[in-house]
Amino acid sequence: MTADCRLQAVRQSAFSDGYALLCYLLQSPTQHMLDELDQASPGADMLAIAQEIGAHDERVTQACACFDQVSEEIRAGKVSLTDFRAEYTRLFRHPKHPALYPYEALFLDAQRVSQGQTSTHPVLFVNAEATDAKAAYKAAGFAFETYKLPADHITIELEFMAKAHFVVAEQLVSADADAAYDAPDAEQLAGAACADEAAQPACDDERLARAQAALKAFRSQHVANWMPAFFDALANETTSTFYRGVALFGCVLTSFDQED
């Protein structure tokens, strides 16, 4: 495997891990989640992911510090599942006025209203953002229906991004392996008068190109459309050290992913 493809695959895998971690941390809190935080902070994983994507950002250090503090508070009995659920409900699940909508369409509509524009009154499950996301999931073979949530819910979009990055990483490895397999051997090269570096098989084949195109399209049409603003708003809104850590890491991951 060439060094360039190896680095690309590692970076794509790291983005996949980062999105999967965010997806998990934004699920409704459970005792299992608290037990895992009691055993270990996810800070070490975040640091490793940040290093592999090249994110040398102070917010990563701050996020890790948040999770280290949360783990210590859980062990000391200073925070409980009730505390986690209360803040989760206030932020995302309040029946009338959640602090932040975890749905792309509703979040964007709330932003428009806050800027003095007229609400478009999007309906859960049936709106442009959810419909477009659903089409992207179907094209990629991503079965999101098991969630029983609108297609534009943040956890579903995060999981899709985790899977999309993973597919690109897999295709990078596969394409490079195919290139190595098809490459001429030493004798063939010796007899080739015009053999040069430009004639070598490329690292990206048609499947890789399709995977990258699908990832790029969803990232530009959905992730960039609202997630950086969502995580920034979460960092400013939450009173919880836990969700501040989630927000800081989300800000870093989505901002660095836009650079590809």
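These legends walk through several close-up views of one predicted protein model.

View 1. Let's start with the overall picture before zooming in. The secondary structure comes to eleven helices and zero strands. Reading from the N terminus, the elements run α-α-α-α-α-α-α-α-α-α-α. The protein has 260 residues, and buried residues make up 42% of them. Take the contacts between residues at least 6 apart in sequence: 73% of these join residues at least 24 apart.

**View 2. Helix 1 packs against helix 3.** Two packed helices are described by the angle between their axes and the distance between the axes. Here, helix 1 covers residues 3-25 and helix 3 covers residues 43-53; they pack at an angle of about 145°, with axes 8 Å apart. Helix 1 passes helix 3 in a left-handed crossing. From helix 1, the contact takes in Val 10, Arg 11, Ala 14, Phe 15, Asp 17, Gly 18, Leu 21 and Leu 25, and these meet Met 46, Ile 49, Glu 52 and Ile 53 of helix 3. Sorted by class, the residues of this contact divide into eight nonpolar, one polar and three charged.

**View 3. Helix 6 meets helix 10.** Helix 6 (residues 104-114) and helix 10 (residues 206-237) pack at about 65°, and their axes are 10 Å apart. The crossing of helix 6 and helix 10 is left-handed. On the helix 6 side, look for Glu 104, Phe 107, Leu 108 and Gln 111; on the helix 10 side, the contact is made by Gln 221, His 222, Asn 225, Trp 226, Ala 229, Phe 230 and Ala 233. That gives six nonpolar, four polar and one charged residues in the contact of helix 6 with helix 10.

View 4. What is the volume of the largest pocket? The value is about 380 Å³. Its lining has 20 residues, and those nearest the centre are Ala 136, Ala 139, Ala 140, Phe 160 and Ala 214. Helix 7 (128-140), helix 8 (154-182) and helix 10 each supply at least two residues of the lining. Which helix gives the most to the lining of the largest pocket? Helix 10 does, with eight residues. By class, the lining of this pocket has 14 nonpolar, three polar and three charged residues.

**View 5. Ala 139 and Ala 214 come together at the pocket.** Both residues are among those nearest the centre of the largest pocket. Ala 139 lies in helix 7. Is Ala 139 buried or exposed? Ala 139 counts as exposed because its relative accessible area is 71%, and the cut-off for exposed is over 50%. Ala 139 and Ala 214 are 75 residues apart in sequence, yet their C-alpha atoms are 8.9 Å apart in space.

**View 6. One cavity sits inside the model.** The count comes to one cavity of 30 Å³ or more. About 30 Å³ of space lies in the largest cavity. Five residues of the lining are nonpolar, one is polar and none is charged.

View 7. Phi of His 121 is near 50°, a positive value in a residue other than glycine. Phe 125 is not a glycine either, and its phi is also positive, at about 75°. Turning to accessibility, His 121 is exposed, with a relative accessible area of 63%. Phe 125 is partly exposed, with a value of 45%.

**View 8. Gln 31 and Ser 80 are separated in sequence by 49 residues**. Gln 31 belongs to helix 2 (residues 31-39). Its relative accessibility is 41%, so Gln 31 counts as partly exposed. In space, Gln 31 and Ser 80 are 9.0 Å apart, C-alpha to C-alpha.

Technical notes
Residues numbered from 1 in each chain as written. Predicted model: local features only at pLDDT ≥ 70, side-chain atom pairs only at ≥ 80, totals over all residues. Heavy atoms only, no water. Axes fitted to C-alpha atoms, helices over the stretch in contact; angles between N-to-C directions. Helix = DSSP H or I, 4+ residues; strand = E, 2+ residues; numbered from the N terminus. Left-handed = near helix turned anticlockwise from the far one by under 90°. Contact = heavy atoms within 4.5 Å. Nonpolar A, V, L, I, M, F, W, Y, C, P; charged D, E, K, R; others polar. 1 Å grid on protein atoms, 1.4 Å probe; cavity = no way out; pocket = protein on both sides within 12 Å on 5 of 7 lines; lining within 4 Å. Points joined across faces, edges and corners; volume = space filled by probe spheres on them. Buried < 20%, exposed > 50% of the residue type's maximum accessible area, 1.4 Å probe, protein only.
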